[in-house]
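Student: I have a structure to go through before group meeting. Could you take me through it?

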Amino acid sequence: MKSAIEQLSTYKSVHLNRKNIRTHFIGVPMIIWSIALLLASFSFEVESAFISNYFGVETVGFTLAGIFSIGVLIYYLILSFPLGILAFVLFGPLMWSVHHVVNMEYHIIIAISVFVIGWVIQFIGHHYEKAKPAFMDDINQLLIGPLFVIAEIYFLLGRGKALDKSITKKAVEKRRIFEQEKVQ
């Protein structure tokens, strides 16, 4: 598995323009929220004697959004513990709001609308950047986009200065190489 620095520097290499980064503070959470809302539409319950004996309930409910979120948070914690913790803190309100909207009659239309608007905002940012989105070369970068926004928030809070420097230095170098290859 590639390190957090490697993955975040790859992502940041096409996110060096401040206007593009700002659009990601809006677009990425919208996309995450809309996907979580769609995934929350799929729920199931698990019955277990263990659950009943130890927790006093007959069944426990799960949604695909919850399962996917736990998987992504574990991945982020493995990549970077501090960024994973911040992701947990920031994803909490997002998942709470999804839990309340999923029962609305038109939640699928809401999710699709927010998803499309989020991507429009993303592509506006990439217009400023004059670079294609990172996921077009590496599909894994779709998972790194939210971590990038979390990292940028972490850095704005004055944390991880050495990490920020390392990521930015590698990102600028990757961008320079990419630009040279594009010219040839």
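Student: What does the secondary structure of the protein chain come to?
Tutor: The protein chain has 8 helices and 2 strands, where helices (H or I, at least four residues) and strands (E, at least two) are DSSP runs numbered from the N terminus. This is a predicted model, in which local features need pLDDT of at least 70 and side-chain atom pairs count only at pLDDT 80 or more, while totals for chains, interfaces and linings use all residues. Residues are numbered from 1 along each chain as its sequence is written, and side-chain values use heavy atoms, with hydrogens and water left out.

Student: In what order do the elements run?
Tutor: From the N terminus on, the order is α-α-β-α-β-α-α-α-α-α.

Student: And what does the C-alpha trace span?
Tutor: Along its principal axes, the C-alpha trace of the protein chain spans about 65 × 35 × 30 Å.

Student: How many of the residues are buried, as a percentage?
Tutor: Buried residues make up 38% of the 184 residues in the protein chain. Buried means under 20% relative accessible area, exposed means over 50%, and partly exposed lies in between (1.4 Å probe, protein chains only).

Student: Which residue meets glutamate 129 in a salt bridge?
Tutor: Glutamate 129 pairs with arginine 175, at 2.7 Å from N to O. Arginine 175 is in helix 8 (residues 161-183) and glutamate 129 in helix 6 (residues 107-129), so this pair ties together parts that are 46 residues apart in sequence.

Student: Are those two buried or exposed?
Tutor: Both arginine 175 and glutamate 129 are buried. For arginine 175 the relative accessible area is 12%.

Student: What else does arginine 175 touch?
Tutor: Leaving out residues up to four places away in sequence, arginine 175 touches Ser13, Val14, His15, Leu16, Glu129, Lys130 and Ala131. Arginine 175 also forms a salt bridge with glutamate 179, at 3.2 Å from N to O. Those two residues are 4 residues apart in helix 8, and are therefore separated by about one helical turn. Glutamate 179 is partly exposed, with a relative accessible area of 28%. Elsewhere, salt bridges that share partners join Lys12, Arg18, Glu152 and Asp164 into one network.

Student: And which residue does arginine 176 meet?
Tutor: Arginine 176 meets glutamate 173 in a salt bridge, at 2.3 Å from N to O. The two are 3 residues apart in helix 8, so about one helical turn separates them. Arginine 176 is partly exposed at 38% relative accessible area, and glutamate 173 is partly exposed at 34%.

Student: New topic: how do helix 4 and helix 5 pack?
Tutor: Helix 4 (residues 64-79) and helix 5 (residues 81-101) pack at an angle of about 160°, with their axes 6 Å apart. Axes are lines fitted to C-alpha atoms, for helices over the stretch in contact, and angles run from 0 to 180 degrees between N-to-C directions. Helix 4 and helix 5 are therefore roughly antiparallel to each other; angles under 35 degrees count as roughly parallel, over 145 as roughly antiparallel, 65 to 115 as roughly perpendicular and the rest as oblique.

Student: Which residues of the two helices meet?
Tutor: From helix 4, the residues are Ala65, Gly66, Ser69, Val72, Leu73, Tyr76, Leu77 and Leu79, and they meet Phe81, Gly84, Ile85, Ala87, Phe88, Phe91 and Met95 in helix 5. By class, this contact has 12 nonpolar, 3 polar and no charged residues. Ala, Val, Leu, Ile, Met, Phe, Trp, Tyr, Cys and Pro count as nonpolar, Asp, Glu, Lys and Arg as charged, and the others, Gly among them, as polar.

Student: Last one: is serine 34 buried or exposed?
Tutor: Serine 34 is buried, with a relative accessible area of 0%. Serine 34 lies in helix 2 (residues 18-40) and touches Ala111, Val114 and Phe115, not counting residues up to four places away in sequence.

Key. A salt bridge is a side-chain nitrogen of Lys or Arg within 4 Å of a carboxyl oxygen of Asp or Glu. Contact means heavy atoms within 4.5 Å.
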